[in-house]
Amino acid sequence: MEIFISKKSILVLFSLASILIYIFFVYNSCVVPNFPKTIPKWRAHPAVAQEIPLVHYSSSVRVVSLLEGNETDMSPKYKFLKEQGLRPEKQLPSALIIGVKKGGTRALLEFIRVHPDVRAAGSEVHFFDRNYAKGFQWYREKMPATLEGQLTIEKTPSYFITKEAPRRVHLMNPSTKLLVVVRDPVTRAISDYTQAISKKPEMKPFEKLVFVNGSIGSIIDTSWGPIKLGIYSRYLTRWLKFFPLSQLLFVSGERLVVDPAIELKRVQDFLGLKRVVTEKHFYFNTTKGFPCLFKSEGHSAPHCLGKTKGRNHPYVSPSVLQRLRDFYRPFNNHFYQMTGINFGWT
Ligand SMILES: Nc1ncnc2c1ncn2[C@@H]1O[C@H](COP(=O)(O)OS(=O)(=O)O)[C@@H](OP(=O)(O)O)[C@H]1O
């Protein structure tokens with residue numbers, strides 16, 4: 001009898017022990033996968049988060065963006081980069097290509113940015129005309145990051161004719177270097193019209209728009225944008241109220257096509273850069289009819305400017321061309337006097 005009870009007790013104890021062991025394993029198999037979920041609780045406390053090393057990572061890598069300011073970061077690597085001037089930062093431009101529209105501004109920008117010490121905003125930012133209310137911080141954000149010693153440049157051709165632009169640019173930095181690509185106002189007007197009609201094919205012919213009331217041979221319509229813009233001396237007067245002539249460089253749009261290296265030499269000297277961009281960088285593309293680059297920042301192969309640069313112009317009768325030349329002559333002469341350069345537009 002005693003043996004029977006004892007056997008029964010052993011059996012009950014054995015069963016209980018089995019259940020306990022089973023519960024223990026099941027519990028652990030649930031707890032272990034959940035273990036990491038407890039870590040955020042530690043991290044949530046800032047003091048603890050700093051003290052507890054996250055040993056479950058193979059190495060602790062701190063990613064610091066090179067493009068964003070973090071002045072409080074005192075890591076030796078950061079300090080070294082900064083001391084060496086190797087930490088790229090966005091800067092407001094110290095040079096601007098302010099105009100003129102259809103003068104060859106894109107060509108100049110693409111050619112000068114070949115220089116390793118030049119970094120340019122790719123597209124026209126239109127800060128000093130359309131986006132001024134957004135502030136200088138917004139403008140700076142639009143710029144590429146530069147290393148110390150690199151120059152930031154931006155081109156928006158409408159700055160030249162924007163009334164408020166000279167004062168605004170001066171306010172940003174009175175030492176800003178200003179580049180103006182100028183082109184014969186007659187061909188510039190036709191180029192301007194060519195661009196406009198490509199967007200609005202229903203436009204009247206150039207020869208009609210040039211004259212008041214559209215009657216060929218009457219008074220030149222100086223209120224028409226493409227004509228008005230060619231009176232360069234008028235716009236230059238505004239800029240000279242804020243900047244000395246020595247802070248402006250006038251680039252010949254014509255020479256930029258026939259001898260880009262010569263103009264680039266002038267531009268590099270003006271910007272205080274080493275003469276790096278030379279004739280070796282250019283070749284003349286006979287199909288395009290314009291100088292093109294062997295390589296640049298974005299292209300390792302030879303390339304020309306896009307299709308919207310170097311368009312075919314519509315035919316304009318010689319008598320209309322002559323009327324326009326006669327119209328611009330006194331303004332051109334005034335412009336030559338102001339700049340001290342005869343651009344040879346006849
Ligand atoms: N290398 C090269 N390749 C192509 N085009 C060249 C070049 N150099 C100067 N040009 C002339 O630039 C004219 C366009 O001027 P912009 O770039 O100032 O135009 S814009 O105001 O930015 O729209 C453009 O005017 P159109 O010929 O009327 O298209 C060109 O004559």
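In which strand is T152 found? T152 sits in β5.

1. **Ground rules.** The model is predicted: local features need pLDDT of at least 70, side-chain atom pairs count only at pLDDT 80 or more, and totals for chains, interfaces and linings use all residues. Residue numbers start from 1 along each chain as its sequence is written. Helices (H or I, at least four residues) and strands (E, at least two) are DSSP runs, numbered from the N terminus.

2. **T152.** T152 counts as buried because it has 21 C-beta neighbours inside 10 Å. The cut-offs: buried means 20 or more other C-beta atoms within 10 Å of a residue's own, exposed means 12 or fewer, and partly exposed lies in between, with C-beta atoms placed from the backbone. Setting aside neighbours within four places in sequence, T152 contacts Q91, L92, P93, S94, R119, M143 and T146. Contact means that the C-beta atoms, placed from the backbone, lie within 7 Å. P260 is 108 residues away along the chain from T152, and their C-alpha atoms are 21 Å apart.

3. **Strand β5.** This strand covers residues 151–155. Since 5 of its 5 residues are buried, β5 is largely enclosed by the rest of the structure. Both faces are covered. L151, I153 and K155 lie on one side, T152 and E154 on the other.

4. **Partners of β5.** Strands pair if DSSP finds at least two bridges between them. β2 (residues 95–99) pairs with β5 in the parallel sense, over 3 bridges. There, I97 has K155 as its bridge partner. β3 (residues 118–120) also runs parallel to β5, joined by 3 bridges. V118 stands opposite L151.

5. **Helices α8 and α14.** The axes of α8 (residues 185–199) and α14 (residues 318–339) come within 9 Å and cross at roughly 120 degrees. That makes α8 oblique to α14. Axes are lines fitted to C-alpha atoms, for helices over the stretch in contact, and angles run from 0 to 180 degrees between N-to-C directions. Under 35 degrees is roughly parallel, over 145 roughly antiparallel, 65 to 115 roughly perpendicular, and the rest oblique. From α8, P185, V186 and A189 meet L321, L324, R325 and Y328 of α14. This contact has 6 nonpolar residues, no polar and 1 charged. Nonpolar covers Ala, Val, Leu, Ile, Met, Phe, Trp, Tyr, Cys and Pro; charged covers Asp, Glu, Lys and Arg; the others, Gly among them, are polar.

6. **Around the ligand.** The shell holds 8 nonpolar, 6 polar and 5 charged residues. Its largest share, 3 residues, comes from α5.

Conventions: Two residues are in contact if their C-beta atoms, placed from the backbone, lie within 7 Å.
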